[in-house]
Amino acid sequence: MILAERARVLSELQELLQDARAGDGSVVLITGPVAVGKTELAHSLAGSAEKESQLLVLRAQASASGKNRNADLLEQLTESLQSTNYWADDELPLTRRGVDRTPSRVAHEIARCSKTIPLLIVLDDLQHSDPESLDAILHLIRLSRTSRIMLVLVVAEGSQLLIPLIHAELLRAPHCWRKRLSPLSPSGVAEVVTRAFGPDVAARTVDDYYRYSGGNPLVLRALIEEQGSTSILRRVDGEPTAAEAVGELEAGQVSALAVFTSLHRGGAETMAVARGIALLGVAASVELLALVLKTDVDHVAGRVMALEEAGLLSEGQFRHPGVAEAVLSDPEFTQLQVLRYEAARVLEAEGHSRQVVARQLVASRAVTEPWTVDVLRESAVEAVSQNDWSFASKCLDLALQGQMSEADKGLLITDLLQVQWKLNPARLIKYLPECFQLQQTGHIPDLRVVAVLKLFLWHGHVDEAAEIVLDIARRGEGSEVQQQLYGFLEWARMGHPRLYKRVREANHSLLPALAESAGYELPRPVTALRTALSDENHREAAAIAEEILAAEPADSDSATSALQALLYADELVLAESWFERTMRDMEAFDSMGSRAIHYSIWAETVRRRGDLQAAERNAATALRYMAPRAWGVALGLPLGTLVAAHAARGSLEKAQEYLSWVVPRGMFLTVFGLNYLEGRGRYYLAAGQYAAAQQDFLECGELMKSWDLDIPSLVSWRVGAAEAALAQGDRREARRLIGRQLHHPRAQSPRLRGMALRVYAPLVGRHHRVAMLKEAADLLSNGSDRYQHFLALTDLSRAHRGAGDAAEAHIMSQRAWRGAVRCGAERVARTLLPESARTAPVESEEPPADSQDAVQLSEAELRVAKLAAAGETNREISVKLFITVSTVEQHLTRVYRKLQVSGRADLRDCLAGRLTCG
């Protein structure tokens, strides 16, 4: 298969073999770069010769590892002669015990045998042979001229230094021929690929085959075998035809191993250079390699040139993308970390970028010299600017193991805390005690420590955070520090009121003094949150939040605060539209922590809109991005959402499973604890544990009032407590609670008012009840809360039935059932609406491909729309359909425009025919 472009050489060798049969012996030296088919050519000649009866083929191979030292070339040749059974024992003196087997005697005996029958002798890897065998080969070279012998010697390129006498003899012997092989040309590669897969596939892929193999036959064979085993072409659209069963080339591990094997066959010095190239990557140059390997530049240049000629390198880099990893993973490469540190030292001395140096240091896990700490810190800063939080974390974590002053350690540890916050907040827990101690001993600048105070609160370290705040306040250094501290405390007041209370109790005058010093000016994210949680001007929160989201990076804490502000201001539709944008932008950031928090806020947003399935999906995604301990006190947010959503859907077992999770004790004294208490209260209501439900809702109320955050859009605790009271027959308490809810200035949005009216309806007379439930259903009908709309329609159906209007009751029951399907509460609807559950048509979970709305979409748009409706992210869709994320976004933009829907929340219902669109 790989003998393409070798036909002429093979023909010349066969002619020389015919001359040898006639008594005109010859010696052929086959040489060339590693793995270009030297051995294959020699054995192809031997294989065809073995089919002839009047010719004897002898083969032997030397071994670089010395495996054949006990059976060296002389021994192998002797055994080959004996195994032929061509001569009797007395005709082969070499086979007799005790016979002198000097190199000269062996050579003469072999030459004597050629008088009986012509000999083709193939000796492979001659450069690894032992001295005695080489001496015999020298004699045989001289004797072959007048014997019926063709001697084929296969040697590696550059073997002159290893076997100089052999090469010298060949140069002066007139009957010696040199055949140098090179890698296949592009046309030769095309010939081989065409023979394997046909002209169509070859036309598409030959450039890739040549680019990865460089024409090296061993690598080319591995690539072909590798591609053949893949069997199916991965294409962008459609199914592959039979002619396309093999196609778009992917260079994998098998072909990488072929390159690795070739490198090993080149010898230890070649392997050393290959390791240096793999280790230095694009920074590799002959000069740098020589410095790292501590060897001569000319020596390295020669090895690099040899690998270039073998087709394994191109412009000093491996052609195959997987070779560097294979070389660095070699278990025999025991000095890898040592060499990496040496590479870092050389790169730093030669003025290469700090990040290139740092990558070598991180891989070496060594910080033995002072300069390494500076390199790692500077590289971490650069990595953060590139949103490479993972590498920044590795740099800072390693730097912290080096020698430094306490002041430098304070700077380093605050940097590390902020980086770990982006990646995985669980990792920063172990650094908080040391950070606290360094601050208390004055080794961290105030501005630095203020920036990480929220991380102490995230993991419930309220006492330490309070101590730090009071310590900074006592010094009162700098207006910028005071302004930052004021902004932090105002932020903490809305999310972590316990800290705010501790500081105020310890120093009553601190907060007014900080406010005055800051000119009562707050950071915009804090202003957005404060406005969202105020009784007045809360509608301004949306405008402020949108300004922030338009200006700040998607993974920033400012963007998170803005999204929270939209949630607390009850601007749910606006929030959902921004979530789609921010999550799309988030794909450019290496920030798992930010993604998790955004998904959890998104989950609560869609839960409040009544999209229970999306709420479960987003909250579960948030928990996949961060493990429970990483969430700290914020664990209450995704857990509370999941519990409430599962309870609303009637999945009480699943809700109970989440309630069994261990949560931080400090969580219940934060805003996240309110979310958890509300979710647990909803579970208790669904499970019929009304007293426990009422206790959770009332506890929410007490905490919110004590924190001066009694805002229904934060948690509508009065509605839940009223439901629990009503279920226990306490109509007076229910009326009192709902009355206050209805008169609260922040409970006038359609969603909140609709919820309250639905619960209030059983407390009024029968005639007023229908009207009140109609108003509630109307308020909730615009999609502000699908789940509450379903409940309102269910209650309205019952009210009509109680009033004797069976026809209207049936209509409302059917509407309620459709609403239950839309929000994912079919299980609950089967209990509340048994008649409708029996008569309503079963709606498919999969959007029908031939629906009226779907017909408007192209095939590609419909594929994207179905996956988006099923909850897949743009990145997941791109992977499944083998298209770019940008293409997914373009398809979705056209889908939304054609179907006239605002986002994914309505897309599923639109495709399934449960929502009028288009």
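Visitor: Which residue's side chain meets that of Arg 359 in a salt bridge?
Guide: First, a caveat: this is a predicted model, where local features need pLDDT of at least 70, side-chain atom pairs count only at pLDDT 80 or more, and totals for chains, interfaces and linings use all residues. Residues are numbered from 1 along each chain as its sequence is written, and side-chain values use heavy atoms, with hydrogens and water left out. A salt bridge here is a side-chain nitrogen of Lys or Arg within 4 Å of a carboxyl oxygen of Asp or Glu. At 3.3 Å, N to O, the partner of Arg 359 is Asp 388.

Visitor: How many residues apart are Arg 359 and Asp 388?
Guide: Helices (H or I, at least four residues) and strands (E, at least two) are DSSP runs, numbered from the N terminus. Arg 359 sits in helix H16 (residues 354-364), while Asp 388 is in the loop between helix H17 (370-385) and helix H18 (389-399). The pair links distant parts of the chain, and the separation is 29 residues.

Visitor: Does Lys 179 count as buried or exposed, and what is its relative accessibility?
Guide: Buried means under 20% relative accessible area, exposed over 50%, and partly exposed in between (1.4 Å probe, protein chains only). The side chain of Lys 179 meets Glu 12 in a salt bridge at 2.5 Å, N to O. Lys 179 lies in strand E5 (residues 176-180) and Glu 12 in helix H1 (residues 7-21), so the pair ties together parts 167 residues apart in sequence. Glu 12 is partly exposed at 24%, whereas Lys 179 counts as buried, at 14%.

Visitor: Which helix holds Arg 607, the salt-bridge partner of Glu 678?
Guide: The two side chains meet at 3.6 Å, N to O. Glu 678 counts as buried at 10%, and Arg 607 counts as buried at 14%. They are 71 residues apart, with Glu 678 in helix H36 and Arg 607 in helix H31.
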